[in-house]
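Good morning, everyone, and thank you for making time. Please have a look at the structure on the screen, and I will then walk through a few places in it.

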Amino acid sequence: MVVKKILYADPLECCGCRNCEIACSVAKEGIMNPHKSRIRVVREGPVIDMPIACRQCADPPCAKPCPTNALVKENDLVVLYEENCIGCGLCVEECPFGAIFIHPDKGTAIKCDQCGECLDFCPTGALKLVSTEAVAHEKRIDLAQTRVKVIEEWLLNSKDMAEK
Amino acid sequence: MDLGREKTVSQPLSSDMAKKFLGGNGFVTKILWDEVKPGLDPFDPENRLIFAIGPLSGTGWPQAGRFEVGAKSPLTGIYGDASCCGHWASELKFAGYDAIVFQGRASKPVYLWVDDDKVELKDAKDVWGKTTSETEKILREQHGKDVQVASCGPAGENLVRFAGILHQRRAAARSGIGAVMGSKKLKAVAVHGSKDVALADPEGFYKFSREIIELYKRDKFIESRAKYGTPILVELMNEIARWPVKNFQTGYTPHAKEIGGERIREEYRIKDRASFGCWARCEKPLMVKQGPYRRIYAKQPEYESLSALGARNWIHNLDVIIYANELCDEYGMDTISTGGTISWAIECYEKGIITKEDTGGLILSWGNTETLIELINKIAKREGFGNLLAEGSLRASKKIGKGSEKYVMHVKGMEIAAQDGRAQKSMGLAHATSSRGADHLKAFPLLDEVVMNEYIVARYGREYLPEMANRLDIKHKPFEVKDGEELCALCDSLLLCKSAGTSLPLFTGAVYYPEMAKAVKLATGMNIDASGMRTIGERIVNLQRAFNIREGISRKDDTLPSRFTEEPAPEGPPKGHVVELEQLLDEYYKLRGWDKETGLIPRKKLEALDLKDVADSLEAMGKLPR
């Protein structure tokens, strides 16, 4: 059975501090360089902050054009075999999320391997490594809760009506 | 960067500069001392505008996301600086620079574009006249979305003497540095960097940084900042009657709850936002849900802005304060000086000193929200009465005369921030001695604010209790202020946040001189011990003082408005109290090793701080104590 996990953060919970970028760069490279992090935070307008990392697609578009089989779907991860990578950048073109990058010194690809190092450094706890099922579950609950509010209000209002 | 000659010189940082001044406001102070001649008009092209970061910037060290900007201040005519958080400082580090120094004046509006080693002056015709957020948007569209921009708004262009420099709606607000930027016809500095942050011992550094992060994760002050940001202090400071109301006529308002942190969180807050590597995330985008001001706002007003634009003018309509705060940010103006100047004008109007003839028909009164908004617009554009207020309250009062000077709540020309010194004596002294004129952040005495006994014991020992903890007792306060000034100077040179990140050193001493020394050593390889760090703080404080002495400052200028020294506080816990400033100053100078009569620095002190050349210059000017 596939238990697909994604690195996920609600853009309204993420505060855009980029501690995940720092943790990733330090864990993978031993130093801080935002261009060497496998996770990148996009900050847009006054309220949106979105950490973006590889979503480990089931049918990864990045792997398809790879001429050297450096990108392979194994179990639930898209695995990068660095020794095979020639740095052509076709994977970068194909990834719909901009979640695969070229290492500025080595010239070859880098991507998230879901090591989980960044999770401990998220101040708000927004960043989660969760199964897609858990994400969907949370969304269902959220939806139900908004409905609850609407229905409760409707009930309260109709009671007012009855009293009148 | 010579803006007049359009010439850039890139030079390595000297190790002597790094060892003696670390970064940030240490660099700003040293460069201003070396390069700005005494008596120079702050709007002269020869003034310097210095952007500086520190050895921890961009590394990911927690709460080190700030950058410092300095210049000779057009508001005070003395040393001027301000700092700002966000993502600009780290970006400059990634581009490989520690500081950018601007001199000269461009022949037409320009902005600086820094992309790693590429440094270009660009034509600013597309952004000149634009607000700060429009400027950022346009430059990010032009150069890429991961570019970080710091800019001056229309207020800076129009030389409003308290204009600031904005980045992502955070402000390096005070001292009028935005007007210096405008006077140089420099609209913005856009930065993109992609280099490694080189460290002496990266492994050791990140191991240690993670230990400190664990402390921050558990820190209760960080928790409070994360939940509310600074507005949570509104009600607390109102309770101790330290909250300026109606131009400091009193320190208490029954309406504090209406503009307090709890209400903002419950009714307005959308989410948290943070600067690079920050754990406190005190920035809160807001939503005004109904009424004429209905829309999303990038940022909640800080404690200081709720005071300056709010209670200080008897305004308790939160929607209006939020809008006024946004206006100040967009124009690029310091909210403290803006609100301070307006509240001075209202008090003068109330007392009949300023009339409708002066204001061009505007009726000034407490709680008048429409006038507040109109005046902010007029100040930024220097229109009508706003043109006078754009000079700052001290200069404006000199033009108005008629005793209006008495109501200017300033020190050295800088409007006083949201601390009534009568309710907390250490703050009174801190305002009087701060190097940039009235300011709380240069000494940031917090240990006597509200029951900090355990931290007093941790930092100084039991013998300082109970007097140091008592806000209204002057005992130990000069010591607290002196010590705080040195710690704050050090924080400003490492660019650590004083609101949250250094809540630990400033309160508990858990991240203190030894920890800062260790972090600097692991980052840079410089072997400076804890006492050496303290000395750097003291050196910076003394060099800022020397700069000010060179501009004519002495004890006579280390004053407070007579409202603080002669008019007893009318209500609340400090009722009946004034600031016993002369007594506080006597002891402060003694602790500093400065001359008690004149406030000048003796040669011996300067030489002990490795500032012999400074002593020589001051001696040549006759500015050493006799």
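**Backbone and core**

Let me begin in chain A, where A:Gln114 sits in the loop that runs between strand E7 (109-111) and strand E8 (128-131). Please keep in mind throughout that what we are looking at is a predicted model. The phi of A:Gln114 is positive, about 55°, although this residue is not a glycine.

B:Leu159 is partly exposed, with 19 other C-beta atoms within 10 Å. As background, most residues other than glycine have a negative phi, and most peptide bonds are trans.

That brings me to a peptide bond in chain B, the one from B:Leu465 to B:Pro466, which is cis, with omega near 0°. B:Pro466 belongs to the loop between helix H19 (453-459) and helix H20 (477-494) of chain B.

Finally, the core. The largest nonpolar core has 233 residues, and those with the most contacts inside it are B:Ile50, B:Phe67, B:Tyr111 and B:Val189. Its largest share, nine residues, is contributed by helix H12 (residues 318-331) of chain B. Leaving aside residues up to four places away in sequence, B:Phe67 touches several residues, among them B:Phe51, B:Trp88, B:Leu92 and B:Leu495.

Definitions and conventions:
Residues numbered from 1 in each chain as written. Chains lettered and ligands numbered in written order. Predicted model: local features only at pLDDT ≥ 70, side-chain atom pairs only at ≥ 80, totals over all residues. Core = buried A, V, L, I, M, F, W, Y, C linked by C-beta atoms within 7 Å. Buried ≥ 20, exposed ≤ 12 C-beta atoms within 10 Å, placed from the backbone. Helix = DSSP H or I, 4+ residues; strand = E, 2+ residues; numbered from the N terminus. Contact = placed C-beta atoms within 7 Å.
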